[in-house]
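Visitor: I am new to this structure. Please show me how to read a few of its features.

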Amino acid sequence: MDLEAIERLVAIMDKSSLVELSVEDGETKITMSRKGQTAQVSLGEDVHLAKPIEDDEEESFISSPIVGTFYSAASPDIPAFVRVGDVVKKGQPVCIVEAMKLMNELNCDFDCEIEAVLVSNEQKVEYGQPLFRVGRLD
């Protein structure tokens, strides 16, 4: 992959609300993930580390049902609803998405374990954007 292609990927990441982007080109794998306000880029030959896409891939994530602002807790001075490693039961709140000054509590639809929090507190999120990567406990 040439430098211009990498620069185009960085520009796409910079102008979008993507949280993570992985691209493979032959033996080269590029993974970019947004940490706070900056994007980090790592280049590597670890093609075998890419997780295969499965039919139930959407069930591996808790996604935003609306466009809004993500809040990990009900108030800045209390702990987050969930953290990495927490086991979440069906119906348990995992975050708040504010839209048009309305606080919408997002509840989990299934039992799972939080594997990763994919967005930062107070980050703008899009409809369908993955907020948490989870491991199902079915």
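Guide: Start with Glu115, which counts as partly exposed at 38% relative accessibility. Buried means under 20% relative accessible area, exposed over 50%, and partly exposed in between (1.4 Å probe, protein chains only). This is a predicted model: local features need pLDDT of at least 70, side-chain atom pairs count only at pLDDT 80 or more, and totals for chains, interfaces and linings use all residues. Residues are numbered from 1 along each chain as its sequence is written, and side-chain values use heavy atoms, with hydrogens and water left out.

Visitor: Which side chain meets that of Glu115 in a salt bridge?

Guide: Side chains of opposite charge can pair when their charged atoms come close. The rule asks for a side-chain nitrogen of Lys or Arg within 4 Å of a carboxyl oxygen of Asp or Glu. Here Glu115 meets Arg133, at 3.4 Å from N to O. Glu115 lies in strand β9 and Arg133 in strand β11 (residues 130-136), 18 residues apart. Arg133 is also partly exposed, at 29% relative accessibility.

Visitor: What is the strand order in the open sheet?

Guide: Strands are DSSP runs (E, at least two residues), numbered from the N terminus. Two strands pair if DSSP finds at least two bridges between them. The order is β4-β11-β9-β6, with antiparallel pairing. At the edges, β4 (61-63) and β6 (87-88) each pair on one side only. Two bridges join β6 to β9 (residues 112-117). Val87 stands opposite Glu113 in β9.

Visitor: Is Gln123 buried or exposed?

Guide: Gln123 is buried, with a relative accessible area of 17%. Gln123 sits in the loop between β9 and β10 (124-125).

Methods. Helix = DSSP H or I, 4+ residues; strand = E, 2+ residues; numbered from the N terminus.
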